[in-house]
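Dear colleague,

I am passing on the structure we spoke about, with the sequence alongside it.

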Amino acid sequence: MMKLSRQFTVFGSAIFCVVVFSLYLMLDHLQLDHTKSPNGGDRLQNGQLSILQDKIDRLERLLAENNEIIANIRDSVINLKESVKDGRGGPDSGNMSQGPYPDLLVSPPLVLPIDSQDCQFAARQFSKPADGVQLLDVYDLLTFDNPDGGVWKQGFDITYQENEWDSEPLQVYLVPHSHNDPGWLKTFDDYYRDQTQHILNNMVVKLNEDSRRKMIWSEISYFAKWWDNIDNQKRDAVKSLVERGQLEITTGGWVMPDEANSHYFALIDQLLEGHQWLEKNLGVKPQTGWAVDPFGHSPTQAYLLKQAGLANMLIQRVHYSIKKHFASQKTLEFFWRQNWDPASSTDMLCHMMPFYSYDVPHTCGPDPKVCCQFDFKRLPGGRVSCPWRIPPQPITDVNVQQRVQMLLDQYRKKSKLFRTKVLMVPLGDDFRYTEALEWDQQFQNYQKLFDYMNSHPELHVKAQFGTISDYFGALRKSAMDPGHASLSLPVVSGDFFTYADRDDHYWSGYFTSRPFYKRLDRILESHLRGAEILFSLALANIQRAGKPNGFPSVESYRLLTEARRNLGLFQHHDAIAGTGKELVVIDYGTRSVVIYNPTEQDRMSVVTVYVNTPHVRVDTSHSHPIPAQVSAVWDDATTASTELSFVVQVPALGLGVYHLSKAEEGGAETAQYLFLRQGGELSLSVKHFTVNNPQDDTTPVSIHNPHLQVWSSATTGLMERLKLKEDGSEHRIKVEFAWYGTTSSRDKSGAYLFLPDGEAKMYSPAQSPVIRVTKGSVFSEITTTFDHVTHTLRLYNVQGVDGQAVEICNSVDIRGEFNREIAMRLTSDLDSKDRFFTDLNGFQIQPRRTMAKLPLQANFYPMTSMAYLQDSGTRMTLLSAQSLGSASLKSGQLEVIMDRRLNQDDNRGLGQGVLDNKVTSNSFRLLLEKRAKTDNEKPSPLSYPSMLSHVSSLYLNHPLIPMAVSTEAGSLSLTRFSPLASSLPCDIHMVNLRTIQSKVRDEAALILHRKGFDCALSNRNTGLLCATTQGKIRTEKLFSNLRLGSIAAVSLTLMHQTEGGSSQEEISLKPMEISTFRVQLT
C-alpha cells in the first residue's frame, strides 16, 4: 500500500499517548504513597486525578488538531525519578551528577578515550574468500545489456541431456504459497475481510483432506488477526498441521518488510513481535526466511535472520542482469556473508529465484507460456486466464503423460541453473487460494502429475508438495561435500540494490516516494523506543518498590503491543516505501520542563519550546540560571511569534528538569536578525527583536560556532564554503536545488520507478528569495524562502556533537507541480571520483560506484540514515533523519531526492500516481571530518562511519523530548533521574529494552549493538562522556539503582538460548554484533 492509511499514524500515536499516561499514573501512585500522610492522601489523589483529567482533555484536543507527535509524549514520565527514591541516597547521588552544581555533567575529555584494540577491526584489509563473489566486482564485470534470451526473455536458452538424472534422480519440491500484502490496493482490514480470512479458513480444511499437501505462510499480522477470530477446535487443527509439517511459518515477522527504507530498529521490532506471537500461541520457531516481494534485498536482513536463529532464506526481486549472471555461474544458491565478517559466522544459506516474478508462469521453468498452463486457477471458465492464450488443461488419464513431459521439461531446464539435483518450485501468487475451488484445482491436478512421475522410474524424478524448509533440508543433504561437514556452495557478499525488473526500469523512485511518511516513521520509531525503555524501567521500579497495584501494567502493555504492531505494519514493503518542528507550547500555566534523553549517552543538546513572552529566564532544578535564547518563530518569511532555546545536560536514558520564569531583566538573550532580498522591498512585522534590512548587499553572509564557520551567498542564502576551526581548513561546499522531470516515452516515473528525462535542471526561482540571518547565543542560522523550499542552515553554539555539524532543514512543498522531483545537491571540492558510500538500514555502510554504463536512475541508492564522500584527506557526510534516494553523479557531488510528484501510474500494479504530497520537512546534518591520509588507498567493500558520525546520527534520529509540566502540579517535586550508572561505551547502542510478559514473570529483552567505527577520523571535541571497552560491559555497573537479577544470552528474537562470550557478570560483544539478552530487572 504505497498510499499509507493515515489511521496507522494517528492510532499508533494515540496508543503511545495512553502508554506514557499509564507510566505517569503509576509514578503518581508512588509519589503519593511515599510522601503524603494517610489522611491527606485522598484529597491529593483526587487533585492529581483532576489534573490528569485536564491533561487528557487537552491531549485529545491536540490530537484532533493533528498535533499528535509531541502531544503524545507531553504528559509522560515526568516523575520517573520518584520510583527510585527507595534505592538512592538522594535525588542527585547518581555517579554522573558532578561538577560545579549537581545538574551539570562532568567535563568531557578533549580527545575521546578509545582503546587502540577497538581500532583494529575497521583498519583491517578486506580479504575475499577463494570461492567468494563480491557484488561490487559483479557490477564491474557485467555490461548490463539486455539481449532477447528467447522464451526466457532476460536469460538464455537452456539445454540438457536426457540421461543427466540416471544416476541421481531429480527431486522436485512444489511449495504452495499465498503472498498477502498487509495493505496495498486495499487496507489491511479490507484485505483480511475479503480474502485473507478465507485463505486461512480453507487452508485448515484442505490440508486436512490429504496429508501429502503442504503450505507456507509468512505474514503474522494477518495470521494473528485470524487466530483471534477462530475457535479452539480450529486452533488445534492448525497446531496439528504445524506439528505434521504440512503448514510452515516462514520468516515469522509481523510483515514482509521493505529492505531499503526500513531502519534496523524497526526490522528487529517487527520480527520480534511476530516471533513472540508465534512462541506464545503456536510454539513455532521459524527456520527459513521467505521474501518474494521486497524491491531489492539488503544483507542487513540476512544478518538479522541469522541472529534470530533462522538457517535459510529466499529472495526474489534482484536486477535481471544479476539473476542472469548468477544463473550462468550456478551461484543462485549461496552463503550470504556480511562484508565486515572476517570469518564465516554470518553465513546465511540463500536461494535466489531465477526468473522475472514469483507467480506461477515464472516459477516452474524458463518458459512462462508453458508454466502458465500449470496454474490450474487459470482453467477455462475462471476469472484469470493466461496472457499467452494457451489455457491449462485438467489432468486426466488421457493427457497425463503428455502434460508430465511438458512440465518435466521445464523442471529439468530450471534445475540446470543450480548445482544440485534438488529443485524448488513455488506455486502461488498474491492472495491465492481464497476459494476452496482453487485448492482443489491446484492440489488435485498436481497430485495426478506427481503420481504419474513417481510411478515411472524411467523419468528419474521424485516430485512432491513441500514446504520451503523441506526443500532446504534436501538441498543441504545433496550439496554436502563428500567427507566434509560443509556445503559446496559459493559465498556472496554485498547487497542487491538497485533493483530493475526490465529494460531501464529501475526501482529507485520508491527510495523517496511519500517522504512525509518516511520522516513520520522515524519519529514514531524514536517515540516507541522511548516508551519501551521507560515502561521497562517503570515496571522494574514499581515492583522493586513493592507497589505492583500502583501501575496498570497489563493494560499499558496491551497498548504498547498495539503500538509495536502498528509500527510493524508501517515497515511493510508497500507502506514505508511511500513536519514541521515538534515544539512543546509553554504558557503561563506551565513553568517547568522535563527533558527526556532517549539515548544511552549523557548528553548536552539544545531544546526549543514555544513561549508567549520574550521576557523569560531558565533555571536548573537547583535554581542556577543557564544560557538561553529567545528567537522569532516565523509564520511566513517576515512575520513572527516567539520561541525559547536553551542548552540542557541530561543523563543517559534519563530525565532533566528545568524551570522557566518571567524575567523583565537578566533573562534569555534575544536573537538578532538580518534580512536580505535582492532588488525587492520587505515589509517586516516583528516585535521585541533587532532587525536589519540592508539594501542590495552582495557580501557573503556568515555564521559560526566554536567548531565551524559557514559562508552563504547573499543572493540565494545557500551555503558556498565551510571552515573547520580545529585546523583552519576551508572547503568549497555548495548547496543547490534541482528538478528532475520524467521521460516522454510511454513508460514514465511513478511510485516505484524513477525514469527521468535526462540530467537534472537547476532550480531557478521566479523571484528573488527572502534570506533571513539569525544570530544568537545558543544558535545561529540562515533561512532562505523559495517558492517550493524553505531552506535553513543552523549552527549550534555548543561544544561537542551538536556543535560539530551543520544542521540542514528543508521544508518542501511541490503540491502544485506536474511530473517533477526536487533534489538537494551538495557540490564539494573533494576528489571522490566515482565512489561514494550509503548506509543500509542504519546498520552498515555499503560502498557504491557510479557507473557511466548504467542509466542515471540506476546510480541512485537507498540512504536510510547517511551517505558520504571522501578523498585521501577529508570525508563529507550527510546524515539523514528520513530514508531518501541518493546519488553521487559527479566527483565531489552528493544529492538526495527530497520529494516526488508524479501524475501517472508506472504499471507496477498500484494503479495511480503520486499526487497526495504534503508539506514535508526533511532534516539532515552535514559533517566535514579530517581523515588520516593514506597513500594509494585501494577500493574496498569495507567502510565505517566515524564515532562522531555515529553519535551525531543517533542524536538526529533520537532528539531530546521536552514535556511541559503545569504549575498546578506544583505539589510534585521534580528532580533529575539517572537510570544508568554512566553512559554506555561510545560504540555500544541500546537498541531497545523491551518488556516481555512471560508466563512466570515480567522480563525484558535487552538488545545491544556494538558499532564498527573508523579511527582514522578525528575524535577531538566530541563532548562525549564515554570510552570504548573492547565491547565489554560489567552487568553490575549498567544501572544505577536497579540490578540484573538474571541475564541470559538468547537469539535476536528470544527464540533460542545461545552460547556467547557473555556471562552473568559481563556482557561481551564483537564489532558490528547485535545481541539480545533476556534479563530480569530487580
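**Spaces inside the model**

The largest cavity holds about 320 Å³ of space. Please keep in mind throughout that this is a predicted model. Lining the largest cavity are 26 residues, and those that lie nearest its centre are His263, Tyr264, Gly842, Ser953 and Lys1011. Two or more lining residues come from each of α9 (264–281), α16 (515–544), β33, α18 (947–957) and β41 (988–997). By residue class, the lining of the largest cavity divides into ten nonpolar, eleven polar and five charged residues.

The second largest pocket contains about 1200 Å³ of space, and 40 residues line it, with Gln870, Glu937, Lys938, Pro939 and Ser940 lying nearest the centre. At least two residues of this lining are supplied by each of α4 (120–123), α5 (135–141), β32 (835–840) and β33 (844–849), so that you will meet β33 in the lining of the pocket as well as in that of the largest cavity. The lining of the second largest pocket is made up of 15 nonpolar, nine polar and 16 charged residues.

**The sheet of eleven strands**

Strand β33 also belongs to an open sheet of eleven strands with mixed pairing, whose order is β21-β20-β27-β28-β29-β30-β39-β36-β35-β32-β33. Because β21 (690–692) and β33 each have a single partner strand, they stand at the edges of the sheet, and one side of each is left without a neighbour in it. On average, and with direction ignored, neighbouring strands of this sheet are turned by 20° against each other.

The partner of β1 is strand β11 (residues 491–493), and the two pair in the parallel sense over three bridges, with Gln134 standing opposite Ser493 in β11.

**A pair of helices**

Helix α7 (residues 220–228) and helix α8 (residues 232–243) have axes that come within 10 Å and cross at roughly 140°, and α7 is therefore oblique to α8. On the α7 side the contact is made by Phe223, Trp226, Trp227 and Asp228, and on the α8 side by Lys234, Arg235, Val238 and Lys239. The residues of this contact divide into four nonpolar and four charged, with no polar ones.

**Two backbone details**

Phe497 and Thr498 are joined by a cis peptide bond, with omega at about 0°, and Thr498 lies in the loop between β11 and α16. Further along, Gln1030 has a phi near 60°, which is a positive value in a residue other than glycine; Gln1030 is placed in the loop between β42 (1002–1010) and β43 (1032–1034).

With best regards

How values were computed
Residues are numbered from 1 along each chain as its sequence is written. This is a predicted model: local features need pLDDT of at least 70, side-chain atom pairs count only at pLDDT 80 or more; totals for chains, interfaces and linings use all residues. Side-chain values use heavy atoms; hydrogens and water are left out. On a 1 Å grid over the protein atoms alone, a cavity is a set of points where a 1.4 Å probe fits but cannot get out, and a pocket is an open set with protein on both sides within 12 Å along at least five of seven lines; lining residues have an atom within 4 Å of a point. Grid points are joined across faces, edges and corners, and a volume is the space filled by probe spheres set on the points. Helices (H or I, at least four residues) and strands (E, at least two) are DSSP runs, numbered from the N terminus. Ala, Val, Leu, Ile, Met, Phe, Trp, Tyr, Cys and Pro count as nonpolar, Asp, Glu, Lys and Arg as charged, and the others, Gly among them, as polar. Axes are lines fitted to C-alpha atoms, for helices over the stretch in contact, and angles run from 0 to 180 degrees between N-to-C directions. Angles under 35 degrees count as roughly parallel, over 145 as roughly antiparallel, 65 to 115 as roughly perpendicular and the rest as oblique. Contact means heavy atoms within 4.5 Å. Two strands pair if DSSP finds at least two bridges between them.
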